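Here is a short briefing to read with the model open beside you. We start with a pocket, then turn to the chain interface and its charged pairs.

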Amino acid sequence: METINKRKNLNSACALAVLFLVVILMDQLIRPTDSMAMLLTVIRKGSIYALVAVSMNLLNGFTGLFSLGQAGFMLLGAYTYAIFTIPLDERVFVYKYYDYLISVSFPEVLGNLLGGFGLLLGVILALILAGLVAAGVAFLIGLPVLRLKSDYLAIATLGFAEIIRAIFIWGKLGPLTNGSNPLKSYVRLNAFQLHIGDTTINFSTLVPLAFAAFCIWIIVLLVNSSYGRAFKAIREDEIAAEAMGINLYKHKQLSFVISSFFAGVGGAMLAMFASTVQANNFKSTMTYEILLIVILGGIGSISGSCIGSFLFIAASEWWLRGLDSGTFLGIDAPGVFRNGFRLVVFSLIIMSVVLFFRRGIMGDKEIPEVMARIWGRLRTRMRGRAGKGGEAADG
Amino acid sequence: MAENVLLMEDVTMQFGGVVAVDNLSLEVNEGEIVALIGPNGAGKTTAFNCITNVYEPTNGRISLNGECIAENHPQGKMKALYKGENSGKYQRIVRHTPDQITKRGIARTFQNIRLFSALTVFENVLIAKHMRARHNVFTATFRLNAKEERRMREEAAALLEEQGLLHLKDSIASSLPYGLQRRLEIARALATGPSLLLLDEPAAGMNPQETQELTDFIKQIRDSYKLTIFMIEHHMDLVMQISDRIYVLDFGKMIAHGNPSVVQHNQRVIDAYLGVADDVAD
């Protein structure tokens, strides 16, 4: 049993390593002007959304808490990350109308100390801080809010996310959040480059993918641990879970805080991906997008959330772009294909996915289970065919 | 005198103006099988919910192994509404959450089976082991508790084997036949390591043969796990066969108690179950 598990782990580690290598190669070979450049964007944004979707799934799919506060926690993460990574010299230009309050930039401090590696370390530190801020706020919000159930919890968390957004653009907080002006000049994905002599190795696609993969791996470990089982018990039946000695409040709070931590990290990574951070980008529409990914992928399936997020981002950012710009798959219909038509087609696709996959693409299964099932089915079919062949030969 | 495991003193549970359990006092001694019977709506399950602290009793005290696990007296609006007796007798307020009660050693099953239906049989039992583990979320996530996790799994597997469910380990709980779901629910309750087991209608929906099997099963788990069992049941065959003592409730009040033969011949019990003729000649 354990040797099988070890081999499985080794296999997935190898697969991941190969994937990372491919991504690094793509990063070097694809120029920003290539038509395939969108693929890189999809991988970057897709992995960030995958992390946030998985964090939401931990709460909605595994603990059964219907929460819609994700955008609020992402906002907290994004602002924390930006505030702690803007280089000191740039702060004057970023905070045009306010005297900036915080004058420390992790990547700069550590970068000066340790060079290129310090930059990475500083970014990681800022990401963790972003997660911690989101988690801390989640803890405070959770105290009153987690006593609510189902729809009421959703309304309360949605309200919280909107309030956070309003607070962040409040002028009095300007020295910290720059009011309604955007934060910029912080460390972005394009900063991750390695110079060896004349050649430059670009890591700006690998970094979000690797960070997201690492965080999702932690969530997978959590879900498969004893605590994950307790979360699922709460989802299945709160009263029975309580009768089995599971402290409902403690476990709900735990799930909420951990989910928010990773939403915060995801928000910070989204800031790295975008060029500016602005509170108005984190509207409730963003939560709905993530909820859509979770539902499309399958509530209670981590691999479903990942697949869902890459499909969602690829469709909305890449494959259907032609519908906006006039030509799509070589079809030119200027009267029909114009701005906004993409959204119509996109909604139709989503509706048909929901119609044909009632429980999402993956249901509540994970990739290995589905693969094993498909493999089993194929094998029986092959055997059946071989058997028939044998009979024919006999006759 | 036998040590009493469970002691209920003057427990009254009043919902608004409705008195569901009225001044109920009873005790369950170590190693006994005690049944709580009564017509529908007599307040049996409410009494169970008071013991497990799902409800907070309006008045009275409940103790487990001599330690108070719930105590209350009418407060606030209830002061004026209270219809029961002994309202001045209890001063303290002691309350817990159901999970704390489970931790103190009371496990229960439910009238309408409440399994974690989408999870496997093994997971259902394993979840009950979560409470007593010494891990925290960090050590559990990063597998720093491998030894403990292995022990939990071994214990759960051993328990399933004892209950004859091991071959169904990986099936989904809701796919089991009804009788086995009942048995799994009991196995899950046993996994919490209780000293007192509360069974809420364990034979509900079972045929006579299954009921007979259950009778043997309950005795067997009492002996092998050194349990005290307090159960609600409607199957009189089962109740009369295995109970050491019986308490009878009607409209929240205890109308009779004693050993099975005494209760069987008690006129008030017969009246409560069969009804009293209106035109009794006097």
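A pocket here is an open set of grid points, on a 1 Å grid over the protein atoms alone, where a 1.4 Å probe fits and where protein lies on both sides within 12 Å along at least five of seven lines. With that in hand, the second largest pocket of this predicted model holds about 360 Å³ of space. Chains A and B also share an interface, with about 2,500 Å² of area buried between them.

**The second largest pocket**

- The lining of this pocket is made up of 14 residues, and those closest to its centre are Arg147(A), Glu242(A), Leu248(A), Tyr249(A) and Lys252(A).
- Both chains take part: α11 (238–243) and α12 (248–273) of chain A, along with α3 (98–103) of chain B, are the elements that give two or more residues to the lining.
- Sorted by class, the lining has 6 charged, 5 nonpolar and 3 polar residues.

**Where chain A meets chain B**

- At this interface, 27 residues of chain A are in contact with 32 residues of chain B.
- Carbon and sulfur atoms give 65% of the area of about 2,500 Å² that is buried between the two chains.
- On the chain A side, Tyr227(A), Arg229(A) and Met244(A) lose the most area to chain B, and together they make up 29% of what that side buries.
- There are 8 residue pairs in polar contact between the chains, counting pairs with both residues at pLDDT 80 or more.
- Four helices of chain A, namely α9 (206–223), α10 (226–236), α11 and α12, each supply at least two residues of the side that touches chain B.
- Of these, α10(A) gives the most, with 8 residues.
- The chain A residues that touch chain B divide into 14 nonpolar, 7 charged and 6 polar.

**Salt bridges**

- Side chains of opposite charge can pair when their charged atoms come close.
- Over all chains, the structure holds 26 salt bridges, and 2 salt bridges are found across the interface of chain A and chain B.
- Which residue of chain B forms a salt bridge with Arg229(A)? The partner is Glu149(B), with the closest N and O atoms 3.2 Å apart.
- Within chain B, Arg61(B) and Glu9(B) meet through their side chains in a salt bridge, at 3.3 Å from N to O.
- That pair links distant parts of the chain: Arg61(B) sits in strand β4 (residues 59–64) and Glu9(B) in strand β1 (residues 4–15), 52 residues apart.

Technical notes: Residues numbered from 1 in each chain as written. Chains lettered and ligands numbered in written order. Predicted model: local features only at pLDDT ≥ 70, side-chain atom pairs only at ≥ 80, totals over all residues. Heavy atoms only, no water. 1 Å grid on protein atoms, 1.4 Å probe; cavity = no way out; pocket = protein on both sides within 12 Å on 5 of 7 lines; lining within 4 Å. Points joined across faces, edges and corners; volume = space filled by probe spheres on them. Nonpolar A, V, L, I, M, F, W, Y, C, P; charged D, E, K, R; others polar. Contact = heavy atoms within 4.5 Å. Buried area = accessible area lost by both parts, 1.4 Å probe. Salt bridge = Lys/Arg side-chain N within 4 Å of Asp/Glu carboxyl O. Polar contact = N/O pair within 3.5 Å; in protein donor to acceptor, adjacent residues only side chain to side chain.
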